[in-house]
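Open your viewer and get ready to select a few side chains.

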Amino acid sequence: MKTTLLQLFLHLLLLFSLSPLLAGVIGKTKALFAGRIGPPFLQLYFDIWKLISKRLVLSRTTTWIFRVGPVTGLVVPVLAALLIPFGAIGAPISFNGDLIFFVYLFGLSRFFIASSALDTGSAFEGMGAVREVTYSCLAEPTILLSFIVLARLSGSLSLDAMFGQTLAASWHTAAPSLLLILACMFLVTLVENCRIPFDDPNTHLELTMIHEVMVLDHSGPDFGMILYGAAMKLFVLGALVVGLLVPDTTGNMALDILLFTVCMLVLAVLVGVVESTIARLRLIRIPQLLVGGMLLSFFSLILLLR
Amino acid sequence: MNNTANLLLLLVVMLNFFILGSSRLGSNIRTIAIQGGMLSLLPVLAHGFSNHTVFLAVAAFLLKGIAIPYLLFRAVRQVHIGREIQPLFGYVPTLILGTLATAASFIFSDRLPLVAEHNLSLFVPVGLATLATGFLLLITRRKAINQVIGYLIFENGIFIFGMLLTEAMPLMVESGVLLDLLVAVFIMVIVMHQIKREFSTINIDQLTSLKE
């Protein structure tokens with residue numbers, strides 16, 4: 001009981017304290033590529049703090065749904081994070097079939113954020129909501145198929161076991177499938193967090209942007225919640241990629257946490273490199289890439305099952 | 001050693017998918033060059049070093065990796081086209097069909113009564129999948145150059161199958177096949193150039209109607 005409480009504490013501590021740092025690392029990497037100094041690593045912490053201490057402005061056309069969006073956007077990543085292991089720290093909550101729960105938790109937050117965007121009655125935000133939903137419904141099969149492959153490899157239906165001890169052994173027996181899954185997971189991480197090549201998180205005035213346009217009407221603490229929730233979502237999905245790539249544990253708790261943290265930061269640098277070297281895809285090419293990712297995960301399942 | 005061969009074959013499948021989903025002729029030709037170059041390593045990887053395999057590898061590399069892509073690039077420059085504008089099928093449906101065909105060939109090859117040593121190797125399924133990809137390209141693309149690329153992928157599939165027989169097949173037969181391939185591409189490129197000059201298009205569906 002004591003160890004689980006400690007686990008839970010460490011888990012949440014890592015999640016709450018580290019997730020905004022990832023955005024800072026991505027920003028620094030991009031600035032480095034562009035030859036700028038860039039915002040400080042802790043910029044997102046300052047932003048969130050600033051937004052939380054601001055006043056809330058609500059449009060008269062909005063209803064209670066508008067307030068629910070940011071709350072689910074904040075709570076869902078926390079719940080989802082409790083289902084997956086962070087490096088050697090096992091998942092605090094784990095039950096049979098929680099992989100489906102994990103996927104649909106994100107579905108829930110997407111539903112409410114999209115609804116709150118529609119609730120403003122702005123055509124522009126509605127367009128963003130439509131795009132977000134379209135892309136995620138193309139990304140969902142990819143992540144489910146990847147989970148099925150992992151479930152098949154570990155013989156278990158809970159995320160904790162899928163990313164647990166058996167994964168290291170599976171890398172010896174089914175490396176090709178796992179490599180494909182890794183690529184798919186990275187793709188899903190990029191699309192779910194609206195990074196380049198699917199969406200440019202920096203733009204605020206373009207007709208092609210997706211996520212940013214949905215949250216234009218949110219202000220003050222609500223917007224802070226959305227930013228924090230988005231940072232934690234990146235952290236959770238990134239933790240899946242890292243957990244897949246580095247399944248080994250050293251046995252020492254402190255070392256493991258350090259290893260996990262370093263891997264997460266390296267992942268953030270990688271995302272920054274991708275964003276600096278690749279241009280955003282044309283809108284009509286994005287579904288093509290997403291379907292490609294889906295087919296890749298399907299192929300890796302076939303490869304495993306034969 | 002066999003692991004390297006398997007990895008190479010998986011990369012070949014990935015390149016198949018890439019070609020099915022991409023519209024640019026330039027990148028398609030580059031991909032076919034990479035695929036050919038990788039396949040030319042297979043004889044050595046699958047059967048070890050010997051005069052026979054090394055000769056086959058070098059010949060295949062020179063032809064598939066260098067000579068044929070060079071010819072195709074020249075053809076693209078001569079007929080001034082950059083990309084497939086309107087394929088008969090969309091790219092996403094083609095990609096889905098290609099994946100289904102690949103999956104089917106993996107499942108089908110498990111059912112085949114193969115020799116025990118080939119039972120788990122990827123040669124047969126990847127060969128079948130590459131053949132299917134070639135077929136799909138031949139069916140769905142309109143530009144003559146993409147048809148040539150489909151034909152080349154088709155030939156790559158046969159090459160992968162041939163790897164299983166390298167021990168048994170005499171050198172003369174294989175070098176004959178490779179030479180045939182070069183000549184075929186050579187002729188296709190020339191024909192394409194002629195077609196372009198006569199009809200000012202290389203869309204194949206316009207070649208079906210007769211002219212006075």
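Start by selecting A:Glu275 and A:Lys30 in this predicted model: the two form a salt bridge, with their closest N and O atoms 2.7 Å apart. A:Glu275 belongs to helix H11 (residues 253-277) and A:Lys30 to helix H1 (residues 2-34), so this pair ties together parts that are 245 residues apart in sequence. Both A:Glu275 and A:Lys30 are buried.

A:Arg195 sits in the loop between helix H8 (175-192) and helix H9 (211-214), so here the parts tied together are 80 residues apart in sequence. The relative accessible area of A:Arg195 is 12%, which counts as buried, and A:Glu275 has 5%.

Next, select A:Arg67 in helix H3 (residues 64-83) and A:Asp222 in helix H10 (residues 220-245). Their side chains form a salt bridge with an N to O distance of 3.1 Å.

Now pick A:Arg110, A:Glu140, A:Glu192 and A:Lys233 together: salt bridges with shared partners join them into one network. Over all chains, the count of salt bridges is seven.

Last stop: the cysteines. How many disulfides are there over all chains? The count is zero. A:Cys137 is partly exposed at 47% relative accessibility, while A:Cys194 is buried at 6%.

Methods. Residues are numbered from 1 along each chain as its sequence is written. Chains are lettered from A and ligands numbered from 1 in the order in which they are written. This is a predicted model: local features need pLDDT of at least 70, side-chain atom pairs count only at pLDDT 80 or more; totals for chains, interfaces and linings use all residues. Side-chain values use heavy atoms; hydrogens and water are left out. A disulfide is a pair of cysteine sulfur atoms within 2.5 Å. Buried means under 20% relative accessible area, exposed over 50%, partly exposed in between (1.4 Å probe, protein chains only). A salt bridge is a side-chain nitrogen of Lys or Arg within 4 Å of a carboxyl oxygen of Asp or Glu. Helices (H or I, at least four residues) and strands (E, at least two) are DSSP runs, numbered from the N terminus.
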